[in-house]
Amino acid sequence: MKSRDLRSACLAGFAYGAVLYGGILSLIHVVYSRLGSVRDALLALATFALLYGLWAAATFAAGFLLARFRLRRGLFFGILLFNLMFWVPYWLYGMTYDQVLLFPRPSGPGGMLAYAAGLGLLVALAAAAVSWLLFRLFELLARRGWLARAAAGLFVGAVLVHAAAPLYASPGQAKTAAATPQIRVEETGLKVVVVGLDGADWQVLQPMIDRSELPNFASMKKRGASGEIRPMPHTNSPVLWASIYTGAPPSRHGVHDFYRVHVAGMGSDGFFPVHQVYAKEMAGLLEKVGLARRSTVSRYSIGPPPIWEIADRLGMSIGVVDGYFFSFPALRPEHPESFFLAYGLDEFNAQMGKGGGGSRDAALFAQPVRLFRQVRPLLSRGDFYWQSAALLDLLKQGPQPKLVNLYTHQPDVYYHWYWKWLQPDHYLGVTPEAVAENGGKVRQLHQDFDRFLGDLRARLEPNTVLVVVSDHGHSPTILHSDSYSQHWHGPPGIVLMEGGPVKPGAALSGSHVLDVFPTLAYLLGMPVPEDAPGKVLLHALDPEFVRRHPVRTIPSYDVLGLSPGLPGVKQGSGLDRQELEKLKSLGYL
């Protein structure tokens with residue numbers, strides 16, 4: 001009798017998880033990732049239904065045991081346990097000191113833990129109330145003999161909705177052009193250099209500026225414009241940098257995370273895992289048993305072309321030293337003075353040193369290819385250190401390109417790893433010895449950034465606008481064991497501009513990451529696309545320059561099409577495994 005009741009509890013749990021959670025979450029992923037085929041949408045449904053069904057079946061079995069083998073009480077416990085396991089971590093995910101609602105910011109770890117416990121208790125009480133209502137609803141349906149039919153009807157409805165979803169979710173075929181349309185570039189007399197510091201935050205920079213530890217950042221603030229820059233909340237770095245480099249929101253550029261999950265049998269690249277719903281952990285389980293694979297995003301993941309690709313197609317010289325995932329595979333520039341070093345170059349070099357990869361693949365990472373041999377001695381250094389050294393060397397060897405871009409992930413990495421010792425009063429169990437060992441690492445990194453900026457500024461031509469920007473900021477957290485800072489709720493990043501028509505001391509108030517692309521395009525003399533929702537930061541510029549160079553527009557740059565220069569290279573650069581391990585070390589997986 002008990003074994004039969006246990007089977008009934010497990011079957012009830014499977015139906016609960018598969019239909020109510022698996023069906024809804026699968027549909028979210030289908031629309032979110034714009035899966036374009038019925039087969040892929042139904043495979044996503046089957047995957048989520050199976051995973052959440054098995055999870056709920058195990059939870060309902062645990063509830064049955066807690067109820068001492070009483071089926072009715074066990075079913076209620078199963079619903080309650082599953083809802084608690086899902087919703088409490090959901091609401092606590094990303095919680096930081098800066099995102100405390102309705103209360104003053106906690107003064108220390110005790111206050112933060114008390115707040116988290118209070119929030120968790122409120123969510124638990126709400127989950128308990130909903131669980132009781134669902135349980136009574138299921139009882140009512142069961143007494144009338146409708147429960148099995150209701151579950152079957154919901155599942156059939158989920159299948160039909162998933163079959164229809166691609167008609168709404170699919171973006172359709174991207175428009176391409178056989179030749180570059182006539183787009184007039186106005187000569188502004190300016191060159192532009194962009195330095196992207198992933199995750200850089202004024203909370204770190206400003207105190208160091210005040211202590212005279214960052215003279216070049218301080219000089220840029222005085223001689224140029226600066227301020228906070230707002231990201232889209234509930235996003236992460238690849239989503240935001242795709243918006244910075246293309247000017248498009250996520251709904252247009254199509255990047256929603258670091259990687260896609262491809263389930264066996266899918267014809268597309270798969271779906272992006274949505275945060276806070278355990279899809280990341282479940283994807284890892286599927287990958288271990290060979291039912292799925294994860295592939296990081298690349299240039300082929302975004303629809304609109306990035307700023308350097310547009311500039312190249314319009315005849316400008318470009319110099320790119322890493323443009324995050326979207327600089328792989330390397331663009332083959334048309335201008336003879338251009339250079340391009342793609343994301344992952346250092347890891348490709350490390351693979352070659354271990355016998356993996358081949359020199360013929362160097363063209364995917366360096367253009368012209370000879371640059372790989374030239375910068376190879378630098379690649380054993382950390383990300384920022386090889387990137388900055390390579391850029392300075394390349395600028396020394398030839399004319400400064402019209403557009404230069406450098407990106408480094410180093411600030412974000414250090415904030416996640418070392419914020420605990422940067423602000424030790426926010427954390428439990430911080431020893432003086434650990435503070436002495438790790439407390440200066442973030443400050444030292446920023447001093448290295450500052451020295452690089454000094455060297456860079458000294459080499460730039462007088463007519464150059466230097467832009468330093470981050471995609472988001474950071475806030476301390478004690479709720480995530482793998483990282484000591486979080487940015488899920490979108491703390492503001494930094495933006496500084498100096499040179500050319502930039503007004504000294506201007507405040508870049510109200511800036512958004514979507515404003516970067518239109519501003520860069522305007523400074524380069526390119527028309528601003530009308531489908532880019534951001535604005536040109538005209539209030540930071542000299543009014544006379546703006547009068548002489550009014551903003552011109554073009555409907556879209558999508559007409560340029562997809563032209564990374566190395567056709568046939570798809571997602572999965574051979575670096576996926578290393579990138580996924582890196583993401584694990586930062587607490588993203």
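Guide: What follows looks at one loop and then at some ring pairs and charges elsewhere in the chain. The model is a predicted one.

The loop in question runs between β5 (318-321) and β6 (339-341), and P329 has its place there. A cis peptide bond links F328 to P329, with omega at about -5 degrees. Two other residues of this loop also have backbone angles worth a look. D322 lies in the loop between β5 and β6, and its phi is near 75 degrees, a positive value in a residue that is not glycine. Y324 is found in the loop between β5 and β6 as well; this residue, again not a glycine, has a positive phi of about 60 degrees. As background, most residues other than glycine have a negative phi, and most peptide bonds are trans.

Are these two residues buried or exposed? D322 has a relative accessibility of 3%, so it counts as buried. For Y324 the value is 0%, so Y324 counts as buried too. The cut-off for buried is under 20% relative accessible area.

Another cis bond is found in a further loop. The peptide bond from Q367 to P368 is cis, with omega near -10 degrees. P368 belongs to the loop between β7 (366-367) and α13 (370-375).

Now the rings. The count of aromatic pairs comes to 44. One of them joins F103 and Y115: their ring centres are 5.9 Å apart and the planes stand at 75 degrees, so the pair is edge-to-face. Planes over 60 degrees apart count as edge-to-face. Because F103 lies in the loop between α3 (71-92) and α4 (109-143) while Y115 is in helix α4, this pair ties together parts 12 residues apart in sequence. F103 counts as exposed, at 55% relative accessibility, whereas Y115 is buried, with a relative accessible area of 14%.

The rings of W241 and Y407 also make a pair, with centres 5.1 Å apart and planes at 80 degrees, so this pair is edge-to-face. W241 sits in helix α8 (residues 237-246) and Y407 in strand β8 (residues 403-408), so the parts tied together are 166 residues apart in sequence. W241 and Y407 are both buried.

Charged side chains meet rings as well. K221 lies over the face of W202, 4.9 Å from the ring centre. The charged end of R294 is placed over the ring of Y259, at 5.6 Å from its centre.

Definitions and conventions:
Residues are numbered from 1 along each chain as its sequence is written. This is a predicted model: local features need pLDDT of at least 70, side-chain atom pairs count only at pLDDT 80 or more; totals for chains, interfaces and linings use all residues. Side-chain values use heavy atoms; hydrogens and water are left out. Rings of Phe, Tyr and Trp (its six-membered ring) pair if their centres lie within 6.5 Å; planes under 30 degrees apart count as stacked, over 60 as edge-to-face and the rest as tilted. Helices (H or I, at least four residues) and strands (E, at least two) are DSSP runs, numbered from the N terminus. Buried means under 20% relative accessible area, exposed over 50%, partly exposed in between (1.4 Å probe, protein chains only). A charge sits over a ring if NZ of Lys or CZ of Arg is within 6 Å of the ring centre and within 35 degrees of the ring normal.
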